[in-house]
Amino acid sequence: MERTTCAVVGGGPAGIVLGLLLARAGVDVTVLEKHNDFLRDFRGDTVHASTIRLIDELGLGREFRKLPQSRLEVVGLPTPSGMQVIGDLKRLRPPYNYIAMVPQWDFLDLLADAGKQEPTFSLRMNTEVTGVLRDGGKVTGVRYRTADGDQGELHADLVVACDGRRSL
């Protein structure tokens, strides 16, 4: 029987960061991602100031700043009388006074690489969660299918759904 302490369903920013944080705390964590890589279009390529601070706190700031990115320091809306500034991020305390526009696949690769350095972190790509395991009303794990068509079950003390709008 396959077992982990925490199964995280979805390898987006929330799932990978959660997996990394848990693994750094010594928790056995498995992140299941249905795609074979992170190279696809995403809804958002923005990394906000508070997230940049977290990246620094995780010790990943130097590598993050090497990623291709542009900075958004002012948020405005066009009006008939010109640009109306609705947010000036430059007023925040540096170095967290901007939004980074970063290709999400690069950001996810950075986070996944950091997770792989942790002995209790496992990232399973090409692994789609197809169902939830239950014991009465308690969730006890997930069913999954790999890209090869293999099916299995992963039992866990905790299951966290980070797989978006169409989550099971």
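Of the 168 residues in this protein, 36% count as buried, where buried means under 20% relative accessible area, exposed over 50%, and partly exposed in between, with a 1.4 Å probe and protein chains only. This is a predicted model: local features need pLDDT of at least 70, side-chain atom pairs count only at pLDDT 80 or more, and totals for chains, interfaces and linings use all residues. Residues are numbered from 1 along each chain as its sequence is written, and side-chain values use heavy atoms, with hydrogens and water left out.

The C-alpha atoms fill a box of roughly 65 × 35 × 30 Å along the principal axes. The secondary structure comes to four helices and eleven strands. Helices (H or I, at least four residues) and strands (E, at least two) are DSSP runs, numbered from the N terminus.

Now the sheets. Two strands are said to pair if DSSP finds at least two bridges between them. Three strands make an open sheet in the order β3-β7-β4, with antiparallel pairing. At its edges are β3 (46-47) and β4 (70-72), each of which pairs on one side only. Between β3 and strand β7 (residues 99-101) there are two bridges, in the antiparallel sense. Threonine 46 has methionine 101 of β7 as its bridge partner.

Further along, β9 pairs with strand β10 (residues 138-146) over eight bridges, again in the antiparallel sense. Here glycine 131 stands opposite arginine 143 in β10. The hairpin of β9 and β10 has two residues between the strands, and in it glycine 136 takes a positive phi near 70°.

On to the backbone. Most residues other than glycine have a negative phi, and most peptide bonds are trans. Asparagine 126 is not a glycine, yet its phi is positive, near 60°. Asparagine 126 sits in the loop between β8 (121-124) and β9 (127-135), and at 29% relative accessibility it counts as partly exposed. The peptide bond from proline 94 to proline 95 is cis, with omega near 5°. Proline 95 belongs to the loop between β6 and β7.

Next, the rings. How many aromatic pairs does the structure hold? It holds one. Phenylalanine 64 and phenylalanine 107 form this pair, which is edge-to-face, at 5.8 Å centre to centre with 75° between the planes. Phenylalanine 64 is in helix α3 (residues 61-66) and phenylalanine 107 in helix α4 (residues 104-116), so the pair ties together parts 43 residues apart in sequence. For the cut-offs, rings of Phe, Tyr and Trp (its six-membered ring) pair if their centres lie within 6.5 Å; planes under 30 degrees apart count as stacked, over 60 as edge-to-face and the rest as tilted.

Two tyrosines have an arginine over the ring. The charged end of arginine 71 sits over tyrosine 98, 3.7 Å from the ring centre. Arginine 124 lies over the face of tyrosine 144, at 5.6 Å from the ring centre. A charge sits over a ring if NZ of Lys or CZ of Arg is within 6 Å of the ring centre and within 35 degrees of the ring normal.

Methionine 83 is found in strand β6 (residues 82-88), and at 57% relative accessibility methionine 83 counts as exposed.
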